[in-house]
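User: I am new to this structure. Please take me through its chains and domains in short steps.

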Amino acid sequence: MSARPRVGLFVTCLVDLVRPQIGFAAVKLLEQAGCDVEIPAVQTCCGQPAWNAGADGHAGDIARAVIAAFEGFDHVVAPSGSCAGMIKRHYPEVFANDAAWLARARALAQKTHELMSFLVKVRGVTGVPAQFAQKVCYHDSCSSLREMGVKAEPRALLASVGGLSIVELADPQTCCGFGGLFSVKYPEISERMADDKIADAGATGADTLIGGDLGCLLHLAGRMKRQGKTLAVRHAAEVLADMGGEPALGETGQ
Amino acid sequence: MNGRETILASIRARRLAQTPRPTPYRAPPTTGDLPQIFAKKLSAQYADVRMLDSMADVPAAIADILRGLNMAARIHIPPDSELASLELANVEIRREPPGAFDAAVTTAPFAIAETGTLAYPAGKGAPASWHFRPVLEIAILRASSIVAELEDVLAALPVGLPSTLNLVSGPSRTGDIEQTMELGAHGPKALAVLIVRDS
Amino acid sequence: MNQDPREFPQNARAALNDPLLRPALGRLKTHFGAGRAAAVARYGDFEALREAGRDIRDYAVTHLDELLIAFEASVNARGGTVHWARDAAEARRLILSILQDAGARTVTKGKSMVTEEIALNPFLEANGIVPVETDLGEYIIQLRKEPPSHIIAPAFHLSKEQVADTFREAHTELDPARPLTERNALVQEARAMLRRQFESADAGITGANFLSAAEGAAIIVTNEGNGDLTRLLPKTHIVVTGIEKVVADMDDVAVLLRLLPRSATGQPISTYVSVMAGPRGCGEADGPEDFHVVLVDNGRSKLIGTEAQDVLRCIRCSACINHCPVYGAIGGHAYGATYMGPIGAALNPGMMSVAEAGHHANASTFCGRCAEVCPVLIPLPKIMRHWRAVEYAGGLAPKTIVRGLGIWAFAAKRPALYRFGASLLARILKMIGRGGTVHALPVMHGWFAVRDFPAPQGKTFQAQWRARR
């Protein structure tokens, strides 16, 4: 491995479509951490919506394309515990009965990381030169917590941001109710779970809710917009990359 | 094919692989003063646990427990029990099974320190239902019969498992109403344990 | 409310709108959740205990035929009888025939989810036998003619006021003016009413938390002691149990007894653990003369050798239910089945069918909390996903989802088309959501029913990246 590792950034479909600045934030953080970042143009989706829906054929096709596009890098990094988790934990399951692809999936899984845990644990980053003078609360996505084991790293990085103070949610372990297609298949249950999470966030007195997975954040921000709530929502990468001055989710900055 | 053959055939036809017999699990060891550990655990479960120096202290302890619970000076002891020769001044002894508001005195041949548990193999002189019928059970046990774990009790049973082995770790309780604990659901509302040190 | 898992969406909606349910559901975290967490913290190496539990249960499930045969031989040696029921109907008939041979008119019952599963009580009643539930929670819901809403706390959904109302209506011989505001008064009243039943019952039916093959024993755990009064006083005792409950010997049971109460309520041990091995011994005053065990398959063996096999490890502790955010929002009745929450989602599509219970496997975010707390490490979300795959392959998934995924996947496999489509979509959504959010779209009704959608920034990341480089 060279002194400057070659990192393939897995942008994620939601970041690509809805909030590209998270992608740019990730590039900036990775370059600051001494990595050479490449963005394979062929990437589209990790295949998780298909896999979780039991559409195994589609999931396999998409996964093969991702493996082929990314297996040449030293590391694969995604600003999402959910997409990183799909590649790391579930691609081997997708190919459980295909020895050749299983080996390639396992090899890719070994070097796939969620962004913030990559920065802290692999690149040894202890702080970022960013400013964000706000009280924030942090939302751990279930996949970050349980599939990728990410909990301390976002907090360590955010703690280094100038002016930022973190107040913990009372119940960080409970799902926010996004769950991909669950959010549209069972909207009322999803709504109740969102409201419980939003009440928890509101009770912290924070100005901004920060998280590491755009799916959760779109769901929570969208629900708060519907309710007229003013708690701002941002992805952690943006704040860490000193892009906290941009409009928050659902805001135009006008 | 009958039910038995059908079910067994279904299991055998579908099985793909077998896992091996696992190595025996060792729980975090319970060591030290076992009677103290036992007493602490069982007291924490709302039992009245007392250490006595000898069997001679038992009658006074029984009388004291009954008085403390405002109960009549009357106890039930199973016929053919080890306690058949127990004599109490001013306390009536009955031999028939206790009713729902009576007190019973039993002996526990074993107890488990790990969980604060009395172990009652059923037998002649040790009727199993007596641990559930009365409102107060007073259990007498020797300090030396307190072992560390359930596994030790199982190994110590003289002729293997009896028809009933009851493990009792406190008075009866329920959380079925609003998840809030109340004592005395069907079994005894009060459990007292007299640990007699051996001479 | 209907006991039909197909009606899950409507039942869930009704539950979400039921104000009486919310305080009860709040207790999941404060009581069950906090209890388990404290017990785990106090134990030491709880992970090693979970692994031991998994290994014991895996051994049992993969040697199930051998252990069931050994169990039967041990029970026979003690003078008991084992019966084998392929399905619910056969189990009911076997139990009825045992009771009729014994001339039983009233039967007391310890808590048994399997008897709920096979719908035993209505069948006995239709055949002139009166079953009386003695677990306090089961007794309450029997009076209310409701199914249980939780596998260890059947009346979990009720307030003490609702219980008091039920007792006033049912216990008509008691003074109507008596105070029933205290929980303790309710418990003492139930104790008195049921004591008479225990003493007069002709037979007792219990479940089994475990079966031990080497000794021919059935083991039950209770906090009330009702299971013991059920099986010690009458002449006939029938244990009704799933076939998968067997383990090799009492040392295995001792390990699982460390896992079960901690995972369920946070107790290091249940108040009463009763090891029942056959009819009463010679010279004993208590215990049944006749000891019967009815082994029930009812869809369990067909899970062996499938991707759902691991679900047979289950020791029915309810930890998964207690920690599930979906159960925590809707409670147990919404599932319309004996087993609810994550264990229901993993079991029901297999034991019943994917057509009937598909919603259970689909109504999950795969948050993984259930698998995190399962004492025997069942990969519950993985098994739910397996049922979704079975549903999808069987053409049973909702058409809108299948079509939507088809379109998405078509594009996702064609990068140039995808980039073009995504750019177009980003532009359109930005236009629609001019104020920063999109309030409605002609698609994705489920999203917009309850949420807005933060508008995209307008150009995709890929387009911007290409432009910069």
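This is a predicted model: local features need pLDDT of at least 70, side-chain atom pairs count only at pLDDT 80 or more; totals for chains, interfaces and linings use all residues.

User: How far apart do the closest C-alpha atoms of chain A and chain B lie?

Analyst: Residues are numbered from 1 along each chain as its sequence is written, chains are lettered from A and ligands numbered from 1 in the order in which they are written, and side-chain values use heavy atoms, with hydrogens and water left out. Contact means heavy atoms within 4.5 Å, and none joins chain A and chain B. Their closest C-alpha atoms lie apart by 15 Å.

User: Which chains share the most contacts?

Analyst: Two pairs of chains are in contact. Of these, the most contacts are shared by chains B and C.

User: What is the mean pLDDT of chain C?

Analyst: In chain C, 100% of the residues reach 70 or more. The model as a whole scores ipTM 0.97 and pTM 0.97. For chain C, the mean pLDDT is 96.

User: How far apart are the centres of domain 1 and domain 3 of chain C?

Analyst: Domain bounds come from an automatic or database domain assignment. Chain C has domain 1 (1–42 + 306–397), domain 2 (62–296) and domain 3 (400–468). Taken over C-alpha atoms, the centres of domain 1 and domain 3 of chain C are separated by 32 Å.

User: What area is buried between domain 1 and domain 2 of chain A?

Analyst: Chain A is assigned domain 1 (6–122) and domain 2 (135–240). Buried area is the accessible area (1.4 Å probe) that two parts lose on being put together, summed over both. Carbon and sulfur atoms give 70% of it here, and the total is about 2,000 Å².

User: Which residue forms a salt bridge with E153(A)?

Analyst: A salt bridge is a side-chain nitrogen of Lys or Arg within 4 Å of a carboxyl oxygen of Asp or Glu. Between domain 1 and domain 2 of chain A the count is two. For E153(A), the closest N and O atoms are 3.5 Å apart, and the partner is K121(A).

Technical notes:
pLDDT is the predictor's confidence in each residue, from 0 to 100.
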